[in-house]
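Subject: Structure handover

Hello,

Please find the structure below, with notes on what was found in it.

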Amino acid sequence: MLICVTASHKTAPFELLERLSRQPETVAPSLMAAGAQGAVVLATCNRFEAYVEAEETDPEAVIETVAQATGIPSADLDGSCRVVEHPHVAEHLFAVASGLESVVSGEGEIAGQVRRALSGAREQGTTSPQLERLFQRASQAQRKVKNVTALHRAGRSLVRLSLELADSRIADWSAERVLLVGTGSYAAVTLASLRERGAVDISVYSPSGRAVPFAQKHGIRPVAAADYATVAQHSSLLITCTTAEMVLGPAQFDRERGAAAGCPVGTHSQLVIDLGMPRNVDPAVAQLEGVALLDLETIRLHAPLEELHATDAARHVVREAAESFHLDGSRASVTPAVVALRTHIFGLLEAEIDRARRRGDENGLVEQAMRHLAGVLLHTPTTRAHELAAEGRADDFHVALEVLYGLSPASDAVSDSASA
């Protein structure tokens with residue numbers, strides 16, 4: 001059974017999402033320790049979700065485990081977490097992966113984040129066959145949405161939206177002195193978007209010390225730690241997109257600026273864009289003279305309305321993908337029973353064929369007829385098994401198999417095969 005506990009920009013305040021995202025790597029192991037068969041955690045700038053597979057799912061217990069793992073009182077999660085239960089988990093994740101649930105409908109970053117969530121669970125050893133199939137199908141659904149709908153053109157990524165909001169303040173992008181803080185995938189997307197707008201004077205600083213290889217790869221200037229404050233003070237546009245917390249604050253602007261003498265922070269206007277989660281920029285920066293701060297919470301308020309036609313088409317694709325996921329799962333659930341029946345019948349068949357050979361069936365005519373009859377007899381129950389599975393009635397076939405033949409799918413397929 002699958003369950004998803006989700007908190008997003010639609011249900012939770014930004015501050016709570018930030019707290020949830022600080023140590024997401026602790027959540028899946030905690031869920032496994034609490035008895036889950038598998039757990040995958042998806043943590044993004046506007047979303048925190050725990051996907052859990054368990055024989056018996058207790059949403060309240062899952063939420064309590066998340067609270068303990070993140071160090072957040074469970075009372076703080078009340079009203080901010082939504083529970084998605086089977087059979088709606090697949091459609092929810094497929095919609096998330098396709099960008100349908102994002103701040104900006106159709107944003108592209110989420111697809112990679114979903115893939116990385118599965119990779120992280122694999123590294124931690126917390127995934128399961130069912131969750132593997134779920135997340136792999138989510139990526140397939142996302143690609144189909146991208147290929148057959150206009151959703152990715154209707155929506156814009158957070159990076160692009162933030163720069164569009166900055167357009168009102170920037171007359172000439174080529175004249176901007178840009179400092180990029182961070183060297184991850186968001187930094188690469190941000191750099192490409194800056195260059196599309198004509199920015200050329202770009203430096204990069206990495207809190208983790210990866211500025212030089214990133215700068216060499218992309219043809220921009222690296223900034224050493226010792227020079228970070230000075231470059232920050234002289235940059236007109238600063239964009240942070242790193243997983244490190246609070247990499248930019250008043251100290252970076254005041255250092256070497258004569259703050260003790262009461263000098264204002266900058267005589268020119270500076271724009272700071274914080275794309276980090278947890279937040280990279282101390283909100284106090286917005287109170288400094290000459291500095292404007294654009295953070296994810298502000299960006300979210302300016303997200304455009306969804307383009308209904310593209311969204312409707314994408315949701316249709318997602319629903320079809322979810323139905324296919326469940327249908328395949330139902331067929332898989334009845335497969336052991338079908339195998340048990342076929343193994344049992346063919347075991348009896350081989351015994352009768354052997355008896356016929358001993359009685360003189362030298363030309364194999366009896367064997368041929370018996371094999372044909374076995375195939376005919378198995379066709380209808382096999383077909384019905386799949387039909388019942390598609391209707392959600394796989395248990396009916398299991399019961400019929402046990403009543404009529406005394407077979408249980410898991411054990412008898414093996415024992416009958418051995419006896420045959």
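Helices α9 (residues 158-166) and α10 (residues 185-196) have axes that come within 9 Å and cross at roughly 40°. The two are therefore oblique to each other; angles under 35 degrees count as roughly parallel, over 145 as roughly antiparallel, 65 to 115 as roughly perpendicular and the rest as oblique. Axes here are lines fitted to C-alpha atoms, for helices over the stretch in contact, with angles from 0 to 180 degrees between N-to-C directions. On the α9 side, Leu158, Val159, Arg160 and Leu163 meet Tyr186, Val189, Thr190, Ser193, Leu194 and Glu196 of α10, where contact means heavy atoms within 4.5 Å. The residues of this contact divide into 6 nonpolar, 2 polar and 2 charged (Ala, Val, Leu, Ile, Met, Phe, Trp, Tyr, Cys and Pro count as nonpolar, Asp, Glu, Lys and Arg as charged, and the others, Gly among them, as polar).

The model is predicted: local features need pLDDT of at least 70, side-chain atom pairs count only at pLDDT 80 or more, and totals for chains, interfaces and linings use all residues. Residues are numbered from 1 along each chain as its sequence is written, and side-chain values use heavy atoms, with hydrogens and water left out.

The protein chain has 18 helices and 10 strands, which are DSSP runs numbered from the N terminus (helices H or I, at least four residues; strands E, at least two). Of its 420 residues, 49% are buried (under 20% relative accessible area, with exposed over 50% and partly exposed in between; 1.4 Å probe, protein chains only).

The largest nonpolar core holds 60 residues, of which Leu194, Leu237, Ile273 and Leu275 touch the most other members. Such a core is a set of buried Ala, Val, Leu, Ile, Met, Phe, Trp, Tyr and Cys residues joined through side-chain atoms within 4.5 Å. A second, separate core has 33 residues, including Val40, Leu100, Ala117 and Phe135.

Some loop residues follow. Ser80 lies between α4 (74-77) and β4 (82-85) and counts as buried because its relative accessibility is 7%. Leaving aside neighbours within four places in sequence, its contacts are Thr6, Ala7, Thr11, Ala12, Pro13 and Leu16. Between β4 and α5 (89-97) is Pro87; the peptide bond from His86 to Pro87 is cis, with omega near 10°. Met246, in the loop between β8 (237-240) and α13 (250-254), has a positive phi near 50° although Met246 is not glycine.

Regards
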